[in-house]
Amino acid sequence: MSIRNLSLPRPLTLETLESREVPATTWLAETFQTPTSSGLPVGWSQWSNDHTASFQSEPTATGQGDAGRLVTTGRSTTTGRTWATTPYNADLNVSASVYLNSIVPVQLLTRGRNLQGTSPTYYAASIVRGTEVELIRVVNGVTTQLGTVKSVDYTSGVWVQVSIQAVGDRLSVSVFRPDTSSYLGQDGKWTRSPVMAIQTTDGMIREAGQIGINRLAGAADKIALDRVQVQSVAATTTSPMIEERFSSGPAK
């Protein structure tokens, strides 16, 4: 009597599939090409402590690789602010290109409220040449530092892309150098790997608000910015919601 060879069923196993990032929803993509008498794009406003227009677009000047940029000027005592008047969700990734040539801190803010005055509320990524980066919280005009990092190598006279991301109580700041395709790490070193310069948690400001840019007092410098973007946050990826190249508005 022959015995048949019966193959045993393979045991069930779980196989790990490659990750799938959830695409972010594009809410708004704005080129801001309509000139306005204020010198700012349509839908932007500004304030300064000395009642001067400290932010102006320069449509014919070279920005980061193309014509059009935003500049901020002022005296050593000037504090200025510009912001998009349309409010956005609390969970966002906001980025801007900044030309590092000044000791005057430039701040990229999110979840902003009461921006037209001396008692604003917001989170911000602050940057100066060097490069030195801070993550700050401002509540009713009172500033608290939440994190800081300084580049080991002195960096000046280059464009960098600064980003601040807020998701719930999780906050992070990244700094990217397009000329070297490198990111600033928490150790102060530049690396080709995408990393965050600062990461922390803070639950003081949770409400949705406005995004914008601050210029702090310190020196009478002219600082150029370009390509302001607001991105929605979905899983581990983001997609553009708004991009401002500051290619319109009267030159000064």
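A pocket here is an open set of points on a 1 Å grid over the protein atoms alone, where a 1.4 Å probe fits, with protein on both sides within 12 Å along at least five of seven lines; lining residues have an atom within 4 Å of a point.

The model is predicted: local features need pLDDT of at least 70, side-chain atom pairs count only at pLDDT 80 or more, and totals for chains, interfaces and linings use all residues. Residues are numbered from 1 along each chain as its sequence is written, and side-chain values use heavy atoms, with hydrogens and water left out.

Sixteen residues line the second largest pocket, and Gln 107, Tyr 122, Val 138, Thr 143 and Leu 216 lie nearest its centre. Two or more lining residues come from each of strand 7 (121-128) and strand 8 (130-139); strands are DSSP runs (E, at least two residues) numbered from the N terminus. Strand 8 gives the most, with three residues. The lining of this pocket divides into seven nonpolar, seven polar and two charged residues.

The structure holds seven salt bridges, each a side-chain nitrogen of Lys or Arg within 4 Å of a carboxyl oxygen of Asp or Glu. Three of them are tabulated.

| Salt bridge | N to O distance |
|---|---|
| Arg 69 – Glu 58 | 2.9 Å |
| Glu 207 – Arg 113 | 3.1 Å |
| Arg 137 – Asp 202 | 2.5 Å |

Glu 58 belongs to strand 2 (residues 55-62) and is buried, with a relative accessible area of 9%; buried means under 20%, exposed over 50% and partly exposed in between (1.4 Å probe, protein chains only). Glu 58, Arg 69 and Lys 222 form a network of salt bridges.

The salt bridge of Glu 207 and Arg 113 ties together parts 94 residues apart in sequence, because Glu 207 lies in the loop between strand 14 (198-201) and strand 15 (210-215) and Arg 113 in strand 6 (residues 106-113). Glu 207 is partly exposed at 43% relative accessible area, as is Arg 113 at 31%.

Arg 137 and Asp 202 meet in a salt bridge that links strand 8 to the loop between strand 14 and strand 15, 65 residues apart. Both residues, Arg 137 and Asp 202, are buried.

Definitions and conventions
Helix = DSSP H or I, 4+ residues; strand = E, 2+ residues; numbered from the N terminus. Nonpolar A, V, L, I, M, F, W, Y, C, P; charged D, E, K, R; others polar.
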